[in-house]
Amino acid sequence: MNRFKDKVIMLTGAAACNPKKQMGFAGETVWRYFREGGSAAIITDVQDILGEESIIELSKSGYNSFYSHLDVTKEEEWEEVISVGLRKFGKIDYLVNIAGILDPKPISEIDTEDWQNVINVSLRGVFLGTKIVSKFMGKNGGGSIVNISSMGALNGSGTYGSAYGASRSALLHFTKSTALHYADKGIRANAILPGWTRTPFTEYLYNDKVQRDYRSNKVPLGRWGRPSDIASAILFMLSDDASYITGSSLLVDGGVMAGELSRPTNPLSDTD
Ligand SMILES: NC(=O)c1ccc[n+]([C@@H]2O[C@H](COP(=O)([O-])OP(=O)(O)OC[C@H]3O[C@@H](n4cnc5c(N)ncnc54)[C@H](O)[C@@H]3O)[C@@H](O)[C@H]2O)c1
């Protein structure tokens with residue numbers, strides 16, 4: 001399959017693309033994107049060593065990419081990365097906004113600054129990226145933006161803290177506004193809402209057997225998500241397979257948000 005022939009992709013929060021280490025959504029997305037004909041990738045994050053290691057592995061396989069430090073909350077860093085990316089690759093067709101943090105402290109305990117940080121990485125980061133990258137996508141006849149939200153956007157949570165869910169929920173709204181605003185430039189924007197998926201982001205939960213099993217038991221399909229489950233949805237939304245989809249959001253959660261299971265323990269669960 002050559003779905004991504006001649007396309008250039010940019011990802012935020014994407015350091016974990018080294019297959020010798022645990023990969024995140026970005027890693028599964030980027031490797032499959034290249035295997036399906038992708039031309040070049042701009043990989044960004046704040047974890048620079050991990051990001052550089054990922055580029056070494058990609059280049060060993062002959063894939064054209066570069067890593068750049070990008071704190072998504074900093075406008076000047078966005079401007080810099082985009083200008084380097086355009087100099088190197090001439091265009092950007094796809095933007096995948098993955099960067100995210102959470103702070104689990106409850107409302108009564110979280111500092112205002114920590115609360116704001118979570119909101120900034122989610123929301124300010126996606127706003128800046130959308131505004132800056134869309135200028136160039138528009139000139140090139142269009143593109144596709146995928147924002148990683150969370151199934152946590154749809155419910156309150158006692159585990160992830162109030163800022164996380166609120167910012168992920170706001171992202172769904174922002175995605176719709178992006179879709180409307182840029183439709184006439186040929187730019188589509190969609191959101192993915194992952195469920196519990198084993199990545200560096202959730203390793204602390206997965207490694208805690210009680211937390212892991214509690215979640216596995218709530219998933220109708222009986223297991224945690226794999227990064228490849230989320231990458232499939234990201235790549236679909238980026239590609240022309242989704243050419244009539246914009247302003248939409250796709251849950252990839254093994255059925256968790258469909259409702260409660262009838263048994264306290266799910267017989268399908270891969271609890272080991
Ligand atoms: N893994 C899950 O179960 C799950 C479920 C729902 C949503 N998500 C969302 O997916 C994203 C995490 O992706 P992942 O699970 O592949 O984990 P990941 O840890 O590989 O990716 C998150 C990345 O965001 C980066 N980051 C943090 N602050 C940043 C900043 N200011 N600027 C740029 N990058 C920054 C981190 O360094 C990290 O590499 C988050 O946005 C999270 O809300 C994850």
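1. Burial. In this predicted model, 43% of the 272 residues in the chain are buried. The largest nonpolar core holds 67 residues, and Leu11, Val30, Ile192 and Ile234 are the ones that touch the most other members.

2. Ile192. Leaving aside residues up to four places away in sequence, Ile192 touches Val146, Ile148, Ser149, Ile230, Ala233, Ile234, Met237, Leu250 and Val252. One of these, Ile234, is itself among the core residues that touch the most other members.

3. Overall form. The chain is built with 8 helices and 7 strands. The C-alpha trace spans about 55 × 40 × 40 Å along its principal axes. A compact globule of 272 residues would have a radius of gyration near 19 Å, so the 18 Å of the chain agrees with that form.

4. Contacts along the sequence. Among contacts in the chain with a separation of 6 or more, 76% are between residues 24 or more positions apart.

5. Ligand shell. There are 28 residues around the ligand, of which Gly13, Gly24, Gly100, Thr199 and Phe201 come nearest. By class, the shell divides into 16 nonpolar, 10 polar and 2 charged residues.

6. Asp48. This residue lies in helix α2, which covers residues 48-60. Asp48 has 13 C-beta neighbours inside 10 Å and therefore counts as partly exposed; the buried class would need 20 or more, and the exposed class 12 or fewer. Between the C-alpha atoms of Asp48 and Leu70 the separation is 9.1 Å, with the two residues 22 apart along the chain.

Key: Residues are numbered from 1 along each chain as its sequence is written. This is a predicted model: local features need pLDDT of at least 70, side-chain atom pairs count only at pLDDT 80 or more; totals for chains, interfaces and linings use all residues. Helices (H or I, at least four residues) and strands (E, at least two) are DSSP runs, numbered from the N terminus. The radius of gyration is taken over C-alpha atoms; the globule rule is 2.2 Å times the number of residues to the power 0.38. Two residues are in contact if their C-beta atoms, placed from the backbone, lie within 7 Å. A residue is near a molecule or strand if its C-beta atom, placed from the backbone, lies within 6 Å of it. Ala, Val, Leu, Ile, Met, Phe, Trp, Tyr, Cys and Pro count as nonpolar, Asp, Glu, Lys and Arg as charged, and the others, Gly among them, as polar. A nonpolar core is a set of buried Ala, Val, Leu, Ile, Met, Phe, Trp, Tyr and Cys residues joined through C-beta atoms within 7 Å.
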